[in-house]
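Subject: Structure handover

Hi,

Here's the structure I said I'd pass on. Have a look at it first, then read my notes below.

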Amino acid sequence: MNKKLNDFFYSFPVQLTVLHLRSQHLLLALWGVFVLLITGTLARRLGFQYLFLDAEYLGDVNFYSFFFVGIGFGSFFMSWNLTTYLLSAHYFPFLASLSRPFTKFAINNFVLPLAFVLMYLGLAIYFQHYYEHMPFREIFLNVLGFLLGTISLILLYATYFQFTNRDISYYERFRSRPPHLSRSYTPGRRSVDLEYIKQDRTRWRVSTYLNESFQPRLVRSVAHYDSSILKSIFKQNHLNALVLQLISMLLLLILGYLIDYEPFRIPAGASLFILASVLTAVIGALMYWFSEWSVTVIILLLIGMNFLTRFDTFNYSNQAYGLNYDTTRAEYSLERLQAAAGSSRIENDKSHTIGILEKWKKRTNDDKPKLVILCSSGGGLKSATWSMQVVQTADSLLNGQLMDHTVLITGASGGMLGMAYLRELYLQQAQGQPVQLYDEQHIDYIAKDLINSIAFTIVSNDLFIPWSRFEERGYTYYKDRGYIFEQQLDENTNGILSKGIGDYREAENEALIPMLYLTPSVVNDARRLIISPQGVSFMMMAPVGQRYPQAVEVDAVDFGYLFEEQDADNLGLLSALRMNATYPYVLPNVHLPSEPEIEVMDAGFLDNYGIVSATRFIQVFREWIQENTSGVVLVQVSSSDKVEEITPSGGQGIVESLFNPLGIAGKVLVKQEFEHDNSLGFMYDLLGEENFEVIRFFYYPSTNNKLEASISFHITHREKEDVMNAIHHPDNVSGLRRLEALLGKSSKQNPSAGHFDK
């Protein structure tokens, strides 16, 4: 029994695993990250697990999508083997005496990859059967696709090594034996004494290995081989491995040039595996060449990269497409902001907006109509889908009265993607075009995947300095994941959003459509940037600031005012929507042509629900509202339940407790909700309880759905169905009935019946 255990422990697969656990912590961490992502332990709410378990390609989950994920995994698997071979092969000199040493190394390096594949396929099968209700045949084809993709790439690598790697028989036949070297070192690992290692005196003693037929074979001593020949074999194998990794990176660069072509936008899961293969190669190369100095070298490289990228030659910043970056930059200073807030510009902008409100009132054919403001929360494609479902359903039940009574739409991130798309459809219908505003197909369009294109572009283009350029709205920019996000969104919505901000001015002026405020967050000073074709200087500070200039500070910026000389009207709507939905790292922060240069990101960091913009608008136009309307109805469409669970802080160790003070930073949205409730309470006091009402529509996951829809730019078919069915929740049905009562119209069907006429 002891002999069997001893033989098992000193088998090559076990010893390789022990060596990895001892020395390759950075490389093991990559496997750990994938395990956490796929199991949903990490980034569950962002939906990262679905990128692997429900991979999409060209809008479908099928054999081909999993085939590409398999190719991506195959790339990671081979990069792992190549890198660990570079770092570990010298510990096992018997490999050099075997035919095809790298092949045998990879076969025996199976423990970690095999465990990962079994876990991944098990979870994928369970997810597709339990959550997606796929038939067995489709699940089988998906698994087959993954395995064939992995095998295809492995065979491609194997073919390369078959024609390039040489074993010991080649060196003994075609090379003269060099003079005996008493101490010989493998390249790049100067502290390794091959003479000492091959005498089997180290802990990495190996008694058996698996051959190509997966049969155990005894390890023979290599003490009688000349160390220089063994060193030559390792050196030649290492060189081929490095060449192959460089070729892989070159192929990524080429694919980055093809990001405009949809068939090349592979599933996001495949892109993440490819990214891991690149990181594995880079980490391995640094560890191989610098050994004990590798950590120091990595730190120095990061410092050097940070220094070099301060210069324009090595630095690239994403830009807002449509703006002029070649002219004099806009002055961004507190003095200029205060000057605008204290000038006659505010009164002019207010008068112009009141003119729009007067036209809106006239179109309602009501002496004192209800004024509706729509606020749509952030939350990726989940929020875009939910916002479309709520507004389509409510407007249909109210015979079009919801959109007709809506004056302003505001919010953040995904919700505003859906609202901007629906508003454009509403405009086309108002202009006489044959648009079916309530067609469910529109939800299918806005719910189409965006993350695959983004992830692929990060791997193939953004990891390197973007070099491919394109022309947009008269100016030239670089292609990156921001560009591909806009391209994909444009394709998903059939090109109807490819307009400039200024193209909506006339329609808003005539009150044909509601005004729309996009409010990305300014990273530099935490102010909100208000993007609108109208003058919105009145939104830059609380109204009291006009009467008492020193009472409050400017907390927002009128985009049109600040960038008037940089062609603000020419800003693309898609770019404005992207700026409003720039989740960190997923999309690049947008840098604007100002001095000093400001950068903006997701509106949700300051106003995820659009409440700040809505209440400021009500404050500014309170007198007009009280004189000309019968009150304000604020419709809040939120992609998650408002009630937040209380997380306990007890039962923690001393290390965990160190992070407790930082926990409040993760409650930014909860903190916003409290502040928003306070603002809404102020609105009740300002207008009177009879003249102000808040109607909320929340996405509640169905009771038989254990996984709440994620907040990423990808939504599965099952998630989309669950989101759309949330309209039947009793609270949401009650909200629809309340809207009917307030707007004075009867529905076409009884909402409680569980079906809506659309």
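Arg-345 and Asp-349 pair up through their side chains in a salt bridge, at 4.0 Å from N to O. By salt bridge I mean a side-chain nitrogen of Lys or Arg within 4 Å of a carboxyl oxygen of Asp or Glu. Both residues sit in helix α15 (residues 345-364), 4 residues apart, or about one turn of the helix. Helices (H or I, at least four residues) and strands (E, at least two) are DSSP runs, numbered from the N terminus. Arg-345 is partly exposed at 26% relative accessible area, while Asp-349 is buried at 11%. Those words have cut-offs: buried is under 20% relative accessible area, exposed is over 50%, and partly exposed is in between (1.4 Å probe, protein chains only).

Before you go further: this is a predicted model, where local features need pLDDT of at least 70, side-chain atom pairs count only at pLDDT 80 or more, and totals for chains, interfaces and linings use all residues. Residues are numbered from 1 along each chain as its sequence is written, and side-chain values use heavy atoms, with hydrogens and water left out.

Back to the charged pairs: the count comes to 16 salt bridges. Another one joins Asp-503 and Arg-473 (3.8 Å, N to O). Asp-503 is in the loop between α21 (481-492) and α22, and Arg-473 is in the loop between β7 (469-472) and β8 (475-478), so this pair ties together parts that are 30 residues apart in sequence.

Then there's Glu-553 with Arg-527, whose closest N and O atoms are 2.9 Å apart. Here the loop between α23 (544-547) and β12 (556-558) holds Glu-553, and the loop between β10 (521-522) and β11 (528-530) holds Arg-527, so the pair links parts 26 residues apart in sequence. Glu-553 is exposed, at 52%, whereas Arg-527 is buried, at 9%. Shared partners join Asp-525, Arg-527 and Glu-553 into one network of salt bridges.

Glu-508 is buried, with a relative accessible area of 0%. Beyond its neighbours within four places in sequence, its contacts (heavy atoms within 4.5 Å) include Ile-356, Arg-423 and Gln-534.

Last, the inside. Which residues touch the most other members of the largest nonpolar core? Among its 196 residues, they are Tyr-120, Leu-592, Phe-617 and Phe-713. Helix α5 (residues 63-88) gives the largest share of this core, 11 residues. A nonpolar core here is a set of buried Ala, Val, Leu, Ile, Met, Phe, Trp, Tyr and Cys residues joined through side-chain atoms within 4.5 Å.

Cheers
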